[in-house]
Amino acid sequence: MEQMTASKPSEEAAPVAAAPTTVRLEPTSGFSRVLSPRELWRYRDLALQIVVRDITLRYRQTALGAAWAILQPVAFMIIFSVFFGRVAGVSSGDVPYALFSLAALVPWAFFSSALLLGSESLVMYKDLVSKIYFPRIFMPMGVIGAGFVDLGISIAILLVVVLVYGIVPSAAILFLPFLIILAAAALLGATALLSAINVRYRDVRYVVPFAVQMWLFITPVVYSASSISQPWQTLSAINPMAGVVEGFRWAVLDTGSPPWALIGMSTLGATLLLLIGLAYFDRVERSFADII
Amino acid sequence: MSDVAIELHELGKRFRLGLSHQGYGTLRDSLVNGVKAVPKKLIGRGPEVEYDYLDALRDVSFEVHRGEAIGLIGHNGAGKSTLLKVLSRIIEPSSGWADVTGRVGSLLEVGTGFHPELTGRENVFLNGAILGMRRAEIRARFDEIAEFADVDRFLDTPVKRYSSGMSVRLAFAVAAHLEPEILLVDEVLAVGDASFQRKSLAKMAEVAKAGSTVIFVSHNLATIQALCRRGILLERGAVLADAPVDEAVSQYLRGLERAASDDLLVRKDRHGWKESLVRKLAVYDVASGEADVVVGGRKAKIVIDCTEVLPMMDVRLTVVNSLGHPVATLDSELSSLSDVRDPELGPRIECEIDSLPLIPGRYRIDVVLRGRQELQDNLQAAAYFDVEPGVLDGRPMPAMGADGDVVLAHSWRLPPA
């Protein structure tokens, strides 16, 4: 039926009614929509359009455009290099502190900006939510999807900087896509949770910027995870970004043995966050239009 | 295959007021209420956590056949929009169920989803996708949409630079080309200029003729009567009448008339800030002193009694004929030098019409009261009055039932008799 409506409607093609599906609208409880792949697939074009919208909007009427993708991590890299690298003398192992922090800041910038935008995504488009039906999960997903563009640009710059420093990444770099998926899964869980809570409690708006700052410090961005003693080092990687950040360093900077324990723990953390986030979103999605 | 497109079975929707009453709560409110509820939960005693409920829909049951066009009528707050929102899956019912067969297109408010920074073209694709169209479908119909909206030259201009008419036209064009099997429409025709409204009406009639099912909500009863054969009258969330459209409309109008009783304060179907309410609205024939019967062409006086005097009080009256067509608007905000602000007047507003230019018939007045720069009160059918045949400018008026609503002072030049 999807194909039929897509083709030029002719008189013969009129029996669109071949098999119109009946949808029963009734009070529901428990889980319903988000985890219904059929529903998401039916609206797949909308998911694409929302990502396109978010990308277009991000760079329209900005003077620097895509340069913003790299400006934030580079600015932080410079500040961190001066204050943590030089002044505080934080150890960065064998690699220069600038590289050490940039490799972590690239995934971190992706994570933090998508977290901020994603948690506002439903509230920002509340007209849409209160007037039109579509799978609401596309709103936070769109933000994350658009973030991939920035991430791609900043990874490219990161690789250039790494090569300039004379480091040739090993085959470990092939592991990057997995790390990105890990970060995206954690993000989807976190933004699903926060955007859904935001619908009911606008407190989220004040909590998230603050939480992002806190999160930066519990994630080994300015310092190395190896400076934490065991077993806390591994346990702290339940924070998904810990494994992502250390994984990025290993994959890009070729820093010896892979941090399997951290990545494993973070995979567990990201999976938990994703499940909790989607489960909560799914439970409350049906009431969004009532209270937003 | 069954030919029922929509079947509703004892559908109900209950909103919880209280927290959601103020839009949204804060975590603190919720915690406070949560804590209050704890002793109650534990030992069955303690302060009651009270919520107000609003039953926006109660036990609504009806069937809509494929290809049928139905008009939903009722007061503000009767549940019309809630019903459309349930049918378009935006909100979930609280009880009962509805079976909806076929692709639903909703025009609940055209142009939501339009983003001002995006160009017309980008918005067409985004909006089409939001309404459930496939990308290929939008591409196939893109030219048609642009032509219908008549904005071809501005397709690559951001919508924020469009006039409001242009963006509404574009939005409607997208929605109109959705080719849904079921079309839900709410008040869209209130926008756009007259020629676009005609075009939209024609498009909707075409959609209905092509076999789509249409559910149509509008305050414009004439449009509903033109488009639909069956009318469903809702009152306080329940179906009051389900009948041929003319019957449903006249039942609605009779209900309005009954509601225009002497003391308007008992009316609940009003909205606004409510610091001051319209208590009574009456139309007087100044010459006879009689209320609610005015001879056409004579001086008439409309008196609006309110409960409070507020700063910056203004009133807008809409005179509506017996078919539900608005005939004239009288708005005190559009001031003239002959207007008087009288500190001695008290909570009362008066409007004088030198010679009432209405043809004989029955009219009603809808009132909007403003004060303190807020909408204070909005009441439909605050009063009814009859116009008796009279003389305007020395010329007898056409009789009741003549075409048109108004009489114009005029003169002729004719060949000799």
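In strand S13 of chain B, the residue B:Ile304 is the bridge partner of B:Leu281. This belongs to a predicted model, in which local features need pLDDT of at least 70 and side-chain atom pairs count only at pLDDT 80 or more, while totals for chains, interfaces and linings use all residues. Residues are numbered from 1 along each chain as its sequence is written, and chains are lettered from A and ligands numbered from 1 in the order in which they are written.

Strands here are DSSP runs of type E with at least two residues, numbered from the N terminus, and two strands pair if DSSP finds at least two bridges between them. An open sheet of three strands in chain B has the order S11-S13-S16, and its pairing is antiparallel. Strand S11 (278–285) and strand S16 (348–353) of chain B are the edge strands, since each of them pairs on one side only. From one strand to the next the twist averages 10°, where axes are lines fitted to C-alpha atoms and angles run from 0 to 180 degrees between N-to-C directions.

| Pair | Bridges |
|---|---|
| S11(B) and S13(B) (residues 300–306) | seven bridges |
| S14(B) (residues 314–321) and S17(B) (residues 361–371) | eight bridges |
| S14(B) and S15(B) (residues 326–331) | five bridges |

S14(B) and S15(B) form a hairpin with four residues between them, and in the turn B:Gly324 has a positive phi of about 90°.
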